[in-house]
Amino acid sequence: MSAASVRETAVAPGRRGVRIGPVGLAWRPRVFWCTVTALVTVLVLGVLGVAIGSTWIAPATVVRALLGLESGPESFIVTTLRLPRVLTGALVGLTLGVAGALTQTFTRNPLGTPDIIGVTSGASVGAVAAIVLGGGTYSVSAVLLGGGIPVAATIGALIAAAVVYGLGWRGGVQSYRLVLVGIGVSATLDAVTSYLLVRAKITVATAASQWLVGSLSSTSWSSVWPLLAVAAVAVPLALVTSAALGIGQLGDEVATGVGLHVQRHRLFVIALAVVLTAAAVAAAGPVGFVAFVVPQIGLRLAGTNRPPLLLAGLLGAVLVLAADLLARSAFPWQVPVGIVTTVIGAPYLIWLLVRHRKEMTR
Amino acid sequence: MILVPAPIPTLASERRTSPGPTTTALGVHRTAVRRRVTVVLVLVLVLALAAAASMLFGSNRIAVDGVWAGLTRTGSGTEQAVVWGSRVPRTLIGAAVGAALGIAGLLMQGHTRNPLADPGLFGVSSGAGLAVVLGVYVFGVTSTGATVWFALAGAVVASVVVFSVTIAGSGTASPVPLALAGAAVSALLGAVTSFIVLTDQDSLDAYRLWVVGSLAARQLDVLAAALPFLLVGLVLAVWNTRALDALGLGTELAQGLGENVVRARLVGLGGITLLAAGATAAAGPVGFVGLTVPHVARALVGTAHRWTLPVCALVGAALVLVADVVGRLVGGFSEVEVGIVLAVIGGPVFVAVARRRSLVSL
């Protein structure tokens, strides 16, 4: 297996590629076409997501309103009510997908979601504490709109990640040790969350559980901007680091020999994953399953030896947008999007596993 | 594929302990065996102390002679009631659950060759959880004596589904789809559980208490229901130890050594399911034990499964008992559930173990 990955990551002589400054990309038609298809799907789902709602707005009108050519009630519905939700959904999917691809690659483990760096557990403790401890005095939606929960979640996520990284440090960070430390820290934090949930009043526990599943129901433009800023900076940085990620997979000794500064690279990758995940979780809660499933789907669709970053991000956006569409339209009550992402993503991964029988047994 | 299992450790550690038939090497080997025997003996002592503490301490304050009188059925009515109605069941269930989860975790990590695998990965916990929630939602069942049957049924059905997916996908040969299919099915079942729990507050109330894992309010009938599963699971696990050592070298090498890989997998998966199902049914999904105890065992006695198996059982049992006692003492009348205490105490301890320099990777 490792022999195959060496052969694929090394630049084959005569292979065509693109070079922009320090970034070189090999031309892989299958990855390219998968990415283009995913991008088109994101756009279509985005327009549909704005079009579908309690009142139907024709897609043509949606596009005109987005371009600023429309005025009146449709324009208001599109830009003020529905666009923030769709944008948040797409960005949450994008950031979680890229973060998941990063962590799965650097831990060399398909179960290595961003959760293992403690981000999700930390964010959950912060948010659930804000909901449970503040729940007696004011309503949850007020806290959400006031920025209380996103801030609490972000603080929790960053502290937890810093603790995991700090404790994992021992003359350098080694991914196996980091994973184990992450397990320990996450378990402790999750227990705190459980404790808060068990001791809370049942109505408050319901609200907290809703947040823990991941939901887009209370999004506004104020949840879009921080997420957009993080995505705009961190996603390009992640793409730039893609080549180094491939080298990092060869093991520390080889990577150092090839000229990669392993520790600096690792800190950079972890920081990117943490920031991306924290932004997504602050905006919509820990939307279930996206960071785990999307890189695995991307890997199988594109036929690469590690999750393709951009494709994973776009597939994440596809998954969350489709899930939100389904959540809003197919159920009598607004099902949290995190449930639907799992209900769509899990069977698809299972189907891919069954179909790729031959590829999997190597 | 990105899962390039990290350097194969069994070889290295075996080489370290038994490098060859020279006299000095035999001496080294003998020291290693003596060390392992010492570890096992110390752990037996720790377990005995933990069991004694579990018998002696609780919200009803009874002196040592009172506990003994209650145990021998010569004490007062209260003493007998407390000892036989609460302390004995808790101690036995706690020890059985801890040992079963420790062994199940070891088998799980051995078969998936993944340090992030816990016994719940095959859908056992999520299947049991869904069944418990359905029991509350559809039939209104909340007593622990009845819940145990729902949990057992759900656990077995869910793991059969995971087996079918993996077998359809890869013929059980490769560890990667095993972990992925398990994670996908678990997430799917968890999403259905979330859906029900968020619609129905009574279900959430029952579920949030069940899901943290507790030994409280359980009588011996709970243990009687789970015991057959645990015993058969234990037999399968012991039968599986040699095969696991071979599988640790990689599927192809194990096949080359004459191991029947498919049979080994089926025996192992059956063992994991029965052990985890019995334990989860008795005490709820105590995830922490199965995830972390195997790492502790490998740090103590290396990777040979004939050693790690008993060590996992002992560490798991002692851990659960100690956590249960602490939970009884710190909470006063409203005791803290064992699952929460386990992670809050065990998390930092596990981090400390993971930070050791001589880390045994899987």
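**Annotated spans and the chain interface**

Analyst: According to the unreviewed UniProt entry, the annotation "transmembrane region" covers residues 37-57, 91-108, 120-140, 146-166, 178-199, 219-239, 307-330 and 336-354 of chain B. Please keep in mind throughout that this is a predicted model.

User: How much helix is there over residues 120-140 of chain B, and how far apart are the ends?

Analyst: Residues 120-140 of chain B are 76% helix and 0% strand, with the end C-alpha atoms 25 Å apart. For residues 336-354 of chain B the figures are 89% helix and 0% strand, and there the end C-alpha atoms lie 26 Å apart.

User: And chain B overall, how many helices and strands does it have?

Analyst: Chain B has 14 helices and zero strands, and of its 362 residues 56% are buried. Among its contacts with a separation of 6 or more, 77% are between residues 24 or more positions apart.

User: What does chain A look like on those counts?

Analyst: Chain A has 17 helices and two strands, and buried residues make up 55% of its 362 residues. Of the contacts in chain A between residues at least 6 apart in sequence, 75% join residues at least 24 apart.

User: Switching to confidence, what is the mean pLDDT of chain A?

Analyst: The mean pLDDT of chain A is 82, and 88% of its residues reach 70 or more. Among the elements of chain A, helix H1 (residues 2-9) has the lowest mean pLDDT, 39, whereas helix H15 (residues 309-329) has the highest, 92.

User: Where does pLDDT stay under 50 in chain A?

Analyst: One such stretch is residues 141-145 of chain A, for which the model has eight contacts beyond four places in sequence. Another is residues 358-362 of chain A, with 10 contacts of that kind.

User: What can you tell me about H8 itself?

Analyst: Helix H8 of chain A runs over residues 175-199, and its 25 residues reach 36 Å from the first C-alpha to the last, close to the 36 Å expected at 1.5 Å a residue. H8 of chain A is also mostly covered, with 20 of its 25 residues buried.

User: Which residues have the most contacts inside the largest nonpolar core?

Analyst: The residues with the most contacts inside that core are A:Ala208, B:Ile103 and B:Leu275, and the core has 231 residues. Leaving aside neighbours within four places in sequence, B:Ile103 is in contact with B:Leu234, B:Ala237, B:Leu275, B:Leu309, B:Cys312 and B:Ala313.

User: Last one: what is the phi of A:Arg108, and where does the residue sit?

Analyst: A:Arg108 has a positive phi of about 55° although it is not a glycine, and its place is in the loop between H4 and helix H5 (119-134) of chain A.

User: Is A:Arg108 buried or exposed, and why?

Analyst: A:Arg108 counts as buried because 21 other C-beta atoms lie within 10 Å, where the cut-off for a buried residue is 20 or more.

Conventions:
Residues are numbered from 1 along each chain as its sequence is written. Chains are lettered from A and ligands numbered from 1 in the order in which they are written. This is a predicted model: local features need pLDDT of at least 70, side-chain atom pairs count only at pLDDT 80 or more; totals for chains, interfaces and linings use all residues. Helices (H or I, at least four residues) and strands (E, at least two) are DSSP runs, numbered from the N terminus. The expected span of a helix is 1.5 Å times one less than its number of residues. A residue is buried if 20 or more other C-beta atoms lie within 10 Å of its own, exposed if 12 or fewer, and partly exposed in between; C-beta atoms are placed from the backbone. UniProt positions are given in the numbering used here, feature names are shortened, and annotations may be inferred rather than shown by experiment. pLDDT is the predictor's confidence in each residue, from 0 to 100. Two residues are in contact if their C-beta atoms, placed from the backbone, lie within 7 Å. A nonpolar core is a set of buried Ala, Val, Leu, Ile, Met, Phe, Trp, Tyr and Cys residues joined through C-beta atoms within 7 Å.
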